[in-house]
Amino acid sequence: MATDQSQSDGASAETYSEFETRVRRISNVSNAAGILKWDQEVVMPDEGTPARAQQLSTLSSIGHELLTADETGAQLEELESMDLEDEQAAVVREVSRRYDRETSVPQELVEEISETTANAHPKWKQAKAEDDFEAFAPTLEKLVELKREYANHIDPDADPYEVLFSDYEPYIDLETAEGVLERLRDELVPLIEAIDDSDAELTTDAFAGEFDDDDQEALARDVLESLGYDWARGRLDTAPHPFSSGTQFDARVTTRFEEDDLLGSITSTIHEFGHANYTLGLPDEGYGTPLGEARDLSVHESQSRLWENHVGRSRPFWEQFLPTARERFPGLETVSPEDAYEAANQVYDDNLIRVEADELTYHLHIVIRFEIERELISGDLAVEDVPEVWNDKYEAYLGVRPETDAEGCLQDIHWSHGSFGYFPTYSLGSVLATQLYAAAEEELGDLDDDIREGNVDELNGWLRANVHQHGKQYTTQDLIERATGEALTADYFLEYVTSKYGDLYDLEAY
């Protein structure tokens with residue numbers, strides 16, 4: 001009997017080892033494509049697109065072939081019938097989910113989507129620069145059609161938008177996401193209206209002036225240094241739409257500089273640090289498997305929003321960091337930490353740009369995109385009508401109306417990537433960030449003194465232990481419950497913003 005068990009264990013180990021080798025090959029193809037995409041958005045020459053589109057299409061095809069091969073299916077079927085260790089079972093679960101989805105999609109469609117999105121990026125970039133939605137509309141229409149077709153192949157009986165949303169957040173259902181967005185909309189709107197009616201006078205011009213790009217870059221590096229960014233495994237560059245990408249061995253940050261928006265470059269850099277910091281916290285030994293990959297976009301966004309908002313927009317942060325900013329920009333000498341704090345947390349009554357939005361109105365930007373892309377995918381909204389509907393919703397929800405499409409429906413890069421279903425994860429991430437921060441303080445105590453002293457090691461250590469190190473071992477909801485002791489809830493976020501902004505704007509009712 002012992003011999004039979006030993007033989008069975010040996011066969012299981014051998015099958016899993018062969019399977020893991022295949023998984024790592026698939027991951028490496030994807031990671032190579034990620035570097036090419038980073039290059040395209042950061043340093044590639046303008047005329048490099050035709051070749052880059054073919055390169056990305058080829059890598060996408062190779063990865064798809066490896067994942068959907070008969071050998072992969074046979075290995076998954078065998079492993080799913082075996083008694084595996086918990087971490088092995090998690091790898092099988094994650095790869096099996098991808099296998100099931102991708103075997104449902106014809107390879108020709110995969111290649112067409114990859115090539116179309118590669119070509120869409122420069123078209124979107126040019127359309128935005130020239131304020132010409134009509135130039136981008138045919139590409140957007142094509143992407144909508146392709147993603148509808150993609151969703152239909154995966155589950156012809158499901159809401160196609162729900163299928164697309166699950167590409168970015170597979171373990172939080174769309175109903176839950178909608179519930180969070182609706183609750184935020186319902187409870188933030190009256191808070192924002194109360195702020196609009198407030199007589200409180202915040203210092204909003206603390207960072208007014210003109211700031212040299214090179215000096216801003218030096219300050220961005222100071223910010224990253226202060227937060228403990230690992231330069232041996234990262235780098236800082238600029239991109240029109242800041243992003244972070246990479247692996248635990250190479251997690252890169254991009255930001256952007258505008259001569260009249262120093263604060264924006266600081267918060268953008270901190271935001272992208274949060275993403276890169278999560279990536280760098282993934283276990284080295286898990287590289288190439290789901291155990292070394294981030295747990296999808298809501299968790300990823302929780303990390304960027306936690307560092308941006310709970311650290312980078314806090315009073316203690318500005319008490320600690322403002323002297324460094326003054327060294328780079330002596331014109332800030334008269335700015336106090338309280339001035340900087342108020343400027344970093346003002347609620348805008350006329351902002352059109354999502355990435356420049358404050359903590360409160362930000363979520364209405366998300367709701368607008370969510371509603372529009374749902375209607376696009378369902379066919380209830382024609383592409384040609386997007387600018388008008390976009391502008392109408394901005395006027396209705398935020399009281400402002402874009403004068404150009406560049407500051408309206410062309411402002412985000414996501415649709416040029418075919419990333420329909422992505423936007424809700426931003427709000428889910430903000431909600432989760434507050435829940436995680438509250439759990440960290442419950443265990444570690446008030447973190448204000450640490451942040452004031454420039455010490456973020458305890459907070460980062462807590463995040464490493466409770467979020468980062470697990471990769472994709474647990475589903476999103478399981479990870480949240482393990483880290484915080486309860487399911488995802490908007491309670492902490494709403495309590496946090498009500499208290500914070502009630503104090504800032506002297507709101508008696510709050």
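A: Arginine 22 is buried and yet has no salt bridge, since the nearest side chain of opposite charge, that of glutamate 71, is 4.3 Å away. Here buried means under 20% relative accessible area, exposed means over 50%, and partly exposed lies in between, with a 1.4 Å probe and protein chains only. A salt bridge is a side-chain nitrogen of Lys or Arg within 4 Å of a carboxyl oxygen of Asp or Glu, and in matters of charge Lys and Arg count as positive and Asp and Glu as negative, while His and the chain ends are not counted. The model is predicted, so local features need pLDDT of at least 70 and side-chain atom pairs count only at pLDDT 80 or more, whereas totals for chains, interfaces and linings use all residues. Residues are numbered from 1 along each chain as its sequence is written, and side-chain values use heavy atoms, with hydrogens and water left out.

Arginine 22 is part of helix α1, which covers residues 2-42; helices (H or I, at least four residues) and strands (E, at least two) are DSSP runs numbered from the N terminus. Once its neighbours within four places in sequence are left aside, arginine 22 is in contact with Leu66, Ala69, Glu71, Thr72 and Gln75, where contact means heavy atoms within 4.5 Å.

Elsewhere, charged side chains do meet, and the structure holds 34 salt bridges. In one of them, glutamate 112 pairs with lysine 142, their closest N and O atoms being 3.0 Å apart. This pair links distant parts of the chain, with glutamate 112 in helix α5 (residues 107-129) and lysine 142 in helix α6, 30 residues apart. Glutamate 112 counts as partly exposed because its relative accessibility is 32%, and lysine 142 is likewise partly exposed, with a relative accessible area of 32%.

Arginine 185 takes part in salt bridges with two partners. Its side chain meets that of aspartate 186 at 3.5 Å, N to O, and it also forms a salt bridge with glutamate 371, the closest N and O atoms being 3.7 Å apart. Glutamate 371 is buried, with a relative accessible area of 16%, whereas arginine 185 counts as partly exposed at 27%. Salt bridges that share partners also join Arg93, Glu94, Glu293, Arg295, Asp296 and Lys472 into one network.

Aspartate 296, a member of that network, is found in helix α11 and counts as buried at 11% relative accessibility. Although it is not a glycine, aspartate 296 has a positive phi of about 65°. Aspartate 506 is likewise not a glycine and has a positive phi, of about 55°, but it is found in the segment after α20 and is exposed, with a relative accessible area of 59%.

Helix α20 itself covers residues 491-504, and its end C-alpha atoms are 20 Å apart, which agrees with the 20 Å that its 14 residues should span at 1.5 Å a residue; the expected span is 1.5 Å times one less than the number of residues. Among the buried residues of α20 are Phe493, Tyr496, Lys500 and Leu504. The buried residues of α20 pack against α8, α11, α13, α14 and α16.

The nonpolar side chains can be followed in the same way. A nonpolar core is a set of buried Ala, Val, Leu, Ile, Met, Phe, Trp, Tyr and Cys residues joined through side-chain atoms within 4.5 Å. The largest such core has 128 residues, and Trp307 and Trp318 are among those with the most contacts inside it. Helix α6 (residues 133-154) gives the largest share of this core, 10 residues. Apart from it lies another core, of 21 residues, including Phe19 and Val23.

Finally, strand β3 (residues 250-255) has 5 of its 6 residues buried, so it is largely enclosed by the rest of the structure. Two strands pair if DSSP finds at least two bridges between them. Strand β1 pairs with β3 in the parallel sense over 3 bridges, while 4 bridges join β2 to β3 in the antiparallel sense.
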